Amino acid sequence: TPAPLSLVQSYPECNKGQLRNMSDEKVQMEVDAKEEEAEEPQDTLLVLAEHRYKMQSPYFSSKDKNDAKAALMEIVKKNNMAPYYKYICDLMSWSVDEKLCETMKAANKAEMKKMDDELEDAKKNRGETEVRDAEVAIAKYFSTIGDKKVALEKLKEVLESSVGTGQKIDIVFVLIRLGMAFDDTQTVKSYVTMAKDLVEKGGDWERRNLLKVYEATFLVRIRDFKAASKLFIESVATFTCTAMYSYETMVCYTVICSMISLDRISFRKQIVRSPEILQVVQEMPTVEGLIQSLYNCKYSQLFKVLVNISEMLRKDRYFAPHCGWWLREMRIVTYSQFLRSYRSVTLSSMATTFGVGIEFLDKELSRFISAGRLNCKVDAVNRVVETNRPDAKNSQYAEIISKGDALLSRIQKLSIELT
């Protein structure tokens, strides 16, 4: 076989500079092609879950809801998702198109017969690997058509029969996505825990990184933003979990979680000065404005950005349930950062800085102070806010006493049960 021609042999009329540019472009094209091939598309059930959320959420227009319904039905028909069609019709109180349903069921039966035949052939004529691959394909097919109950049963069977740790982890990831798609938090929790155990036993580098994204998403669902922030930040440079959502979405989630979880020094190092995050948020003016306005202490601008951010969060199915809580935590972070620079400040000056009314600010501060979230007090007569920084040693001592009392109570209860 003759050796392939070099660029010089192929293009003798070009000078060295042109050839160098052509070589660089060729390498870049090959790299881009490999990256595109390696990128996994978003799980179909998760795409449908987003459309379903749009149809159910009050924060989308009628046009958005109609577009979501059309997109959902297009996917259902394309993939012959008869079980999912039945599920969504029951959920949304739609009338069932019996003709369409029967057509999709027939397609499901034909595909299942084909896959069963392949499984039988693998059992008779091939090895254990081919049998397992056929069983995994059947389990994943039930997941693909949205039959949650059967998919869970089949995937569990495959999980129990799998030998390799990597194979088990891959199946667990499918189960986690299935739980996410149907908002089954308990299923997600149990399989995230299982995945962590499996990864500790022998998961490779790529699966460890994938697990961080799955676990972080679960932590968002249960409102543990601090733990989610840590995992998201660790995943920024190694993100490959496109079956869940895009890299841009993950960066946005990282910023949202980190805003209320990191101290100022960590926030500057891990978010403000992160090249990966900066590159993405350049295309997201609202998110970039959120980062810069907090870090640069532009509080009036920050409060305006929060309005747009709240609209964005309400339209995200993972963050929507936590939108009000997140906005409250953001205001506490902002007020704390501002007051850290003062021993005392007038309410009018503070209200001007934040671009809000004095009465609104007075009520906000009073509410957060009474809840123990802000270390200050308001002099209602002189209209002055006075900060009172707590002694770190005293707070640590109080924390130890509190935890000690709780431990003693548990020990007493345990002794009563044992006796």
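Reply: A definition comes first: Ala, Val, Leu, Ile, Met, Phe, Trp, Tyr, Cys and Pro count as nonpolar, Asp, Glu, Lys and Arg as charged, and the others, Gly among them, as polar. Note also that the model is predicted.

By those classes, the lining of the second largest pocket has 12 nonpolar, five polar and six charged residues. The space in this pocket is about 550 Å³. Its lining counts 23 residues, and those closest to the centre are Ile332, Val333, Ser336, Gln337 and Arg340. Which helix gives the largest share of the lining? That is H18, with six residues. Helix H14 (264–272) and helix H18 (323–339) each contribute at least two lining residues.

Rolling a probe the size of a water molecule over the atoms shows where empty space is left. One cavity of 30 Å³ or more is counted. The largest cavity has a volume of about 30 Å³. Met180, Asp183, Asp184, Thr185, Val188, Phe218 and Arg221 line it. Three of these residues are nonpolar, one is polar and three are charged. Helix H10 (185–202) and helix H11 (205–221) each supply at least two residues of this lining.

How do H10 and H11 pack? Their axes are 10 Å apart, at an angle of about 150°. H10 is therefore roughly antiparallel to H11. The crossing is left-handed. On the H10 side, the contact uses Thr185, Val188, Lys189, Val192, Ala195, Lys196, Val199 and Glu200. On the H11 side, the partners are Arg208, Leu211, Glu215 and Phe218. This contact holds six nonpolar, one polar and five charged residues. Thr185, Val188 and Phe218 take part in the helix contact, and these three residues also line the largest cavity.

Two further helix pairs can be described in the same terms. Two packed helices are described by the angle between their axes and the distance between the axes.

Take helix H6 (residues 98–125) and helix H7 (residues 128–144). Their axes come within 8 Å and cross at roughly 165°. So H6 and H7 are roughly antiparallel to each other. Their crossing is left-handed. H6 brings Ala107, Asn108, Glu111, Met112, Met115, Asp116, Leu119, Ala122 and Lys123 to the contact. H7 answers with Glu130, Val131, Ala134, Glu135, Ala137, Ile138, Tyr141 and Phe142. By class, this contact has 11 nonpolar, one polar and five charged residues.

The crossing is left-handed. Cys252, Val255, Ile256 and Met259 make the contact from H13, and Val287, Leu290, Ile291 and Leu294 make it from H16. What classes do these residues fall into? Eight are nonpolar, none is polar and none is charged.

To return to the pocket: H18 provides six lining residues, and charged residues account for six of the lining by class.

Terms used: Residues are numbered from 1 along each chain as its sequence is written. This is a predicted model: local features need pLDDT of at least 70, side-chain atom pairs count only at pLDDT 80 or more; totals for chains, interfaces and linings use all residues. Side-chain values use heavy atoms; hydrogens and water are left out. A crossing is left-handed if the near helix is turned anticlockwise from the far one by less than a right angle, and right-handed if clockwise. Helices (H or I, at least four residues) and strands (E, at least two) are DSSP runs, numbered from the N terminus. Contact means heavy atoms within 4.5 Å. On a 1 Å grid over the protein atoms alone, a cavity is a set of points where a 1.4 Å probe fits but cannot get out, and a pocket is an open set with protein on both sides within 12 Å along at least five of seven lines; lining residues have an atom within 4 Å of a point. Grid points are joined across faces, edges and corners, and a volume is the space filled by probe spheres set on the points. Axes are lines fitted to C-alpha atoms, for helices over the stretch in contact, and angles run from 0 to 180 degrees between N-to-C directions. Angles under 35 degrees count as roughly parallel, over 145 as roughly antiparallel, 65 to 115 as roughly perpendicular and the rest as oblique.
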